[in-house]
Amino acid sequence: MEPEAEIIRAQLFALQDEAYRTFHSALMPTVPPETVIGVRIPALRRLAKQLAGTAQAEVFLQALPHGYYEENNLHAFLIELIRDYDRALAETEAFLPYINNWATCDCFCPKAFAKHKKELLVPIRRWLDSGEAYTVRYGMEMLMRYYLDDAFRPEYLEWVADVRSTEYYINMMRAWYFATALAKQPDAALPWLTEKRLDLWTHNKAIQKAVESRRIPPGMKQLLRGLRSRS
C-alpha cells in the first residue's frame, strides 16, 4: 500500500464502532465479516469531504482493489464529490468492477451525473449489458434515480425488463425499479403488471414492494394485490 492509503486506513479504524460492525456485517452476506471495519456512513461521508480534492485522495482512488468494505465506500463517496462529469464517469467505470455488495453499489451517485442525463444513457446501456452483477444493478439504479421523472421515456422500462439474470441482487433491483415506476409513472408502468410482461418472481416482488410503499395510493395498492400471480 502507498503511505497515503495506509494513513486513510488508519483513519477509518480510528472511527470503528464494533457494535455497528456486527450489525452491518449481518446485512451483507456477500462480504466477508473480517473485511468490515464498522464505520457509520455519516462518518465516512465527513471523511470523504475532508479528503476530496487532496493529493492523498488521488492516491487512494488509484489504490484498487481495496481491502476493506469501508475503503470501498469511502472511494465511492470521493467519486460522488467529483464535479467534472467526464472524470466522475471515468472513476465510476474504473470502480464498478470492484464492487462486491449491494450496499456499496447503492450508496453513491456522482452529483455531476444529474446535469448530464443525455450523455449518461450511453454508459447506462453499457452497464446493463455488462453481465457483471453490481455493474448491471448500478445501471438500473441510475435509471431509477434520474429517469423516472421529467427525463422518463417508456422504453427505459423495457431496458430494465430485458435484463435476464439468476442473480438475486440484480432481480431485486429490477423489482425495486418497477415498484418505483409504479409510484412515479403509473400509466406507463402498470401495464407491465396487468399484462404480466415480467417474469413471475419480479412481477410478485415488484407488487410486494409497491404495496409496502407509502408513495403508492390505496386504490392502486388494492389493484396490485389482485394482480399477484402463482404462475
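The largest nonpolar core holds 75 residues, and L74, F113, L143 and L224 touch the most other members. Helix α11 gives the most to this core, with nine residues. The model is a predicted one.

**Nonpolar cores**

- L74 is one of the residues that touch the most other members of the largest core.
- Leaving aside neighbours within four places in sequence, L74 is in contact with I8, L12, L44, L47, A48, L51 and F60.
- Another core lies apart from the largest one. This other core has five residues, among them M28, V31, V36 and Y69.

**Aromatic pair F13 and Y68**

- A pair of aromatic rings is described by the distance of the centres and the angle of the planes.
- F13 sits in helix α1, residues 3-14. Y68 sits in the loop between α4 (55-61) and α5 (69-80).
- The pair links distant parts of the chain, as F13 and Y68 are 55 residues apart.
- F13 has 34% relative accessibility, so F13 counts as partly exposed.
- Y68 also counts as partly exposed, at 21% relative accessibility. Buried would mean under 20%.

**Aromatic pair Y134 and Y169**

- The rings of Y134 and Y169 have their centres 6.1 Å apart.
- Their planes meet at 35 degrees, so the pair of Y134 and Y169 is tilted. Stacked would need planes under 30 degrees apart.
- Y134 belongs to helix α9 (residues 133-146), and Y169 belongs to helix α11 (residues 168-184).
- Y134 is buried, with a relative accessible area of 9%.
- Y169 counts as buried too, at 13% relative accessibility.

**Aromatic cluster**

- Four residues form one aromatic cluster: F95, F108, W127 and Y138.

**Arginines over rings**

- R45 lies over the face of F77, and its distance from the ring centre is 4.0 Å.
- R125 lies over the face of W159, at 4.4 Å from the ring centre.

Technical notes:
Residues numbered from 1 in each chain as written. Predicted model: local features only at pLDDT ≥ 70, side-chain atom pairs only at ≥ 80, totals over all residues. Heavy atoms only, no water. Helix = DSSP H or I, 4+ residues; strand = E, 2+ residues; numbered from the N terminus. Buried < 20%, exposed > 50% of the residue type's maximum accessible area, 1.4 Å probe, protein only. Phe/Tyr/Trp six-rings, centres within 6.5 Å; stacked < 30°, edge-to-face > 60°. Lys NZ or Arg CZ within 6 Å of the ring centre and 35° of its normal. Core = buried A, V, L, I, M, F, W, Y, C linked by side-chain atoms within 4.5 Å. Contact = heavy atoms within 4.5 Å.
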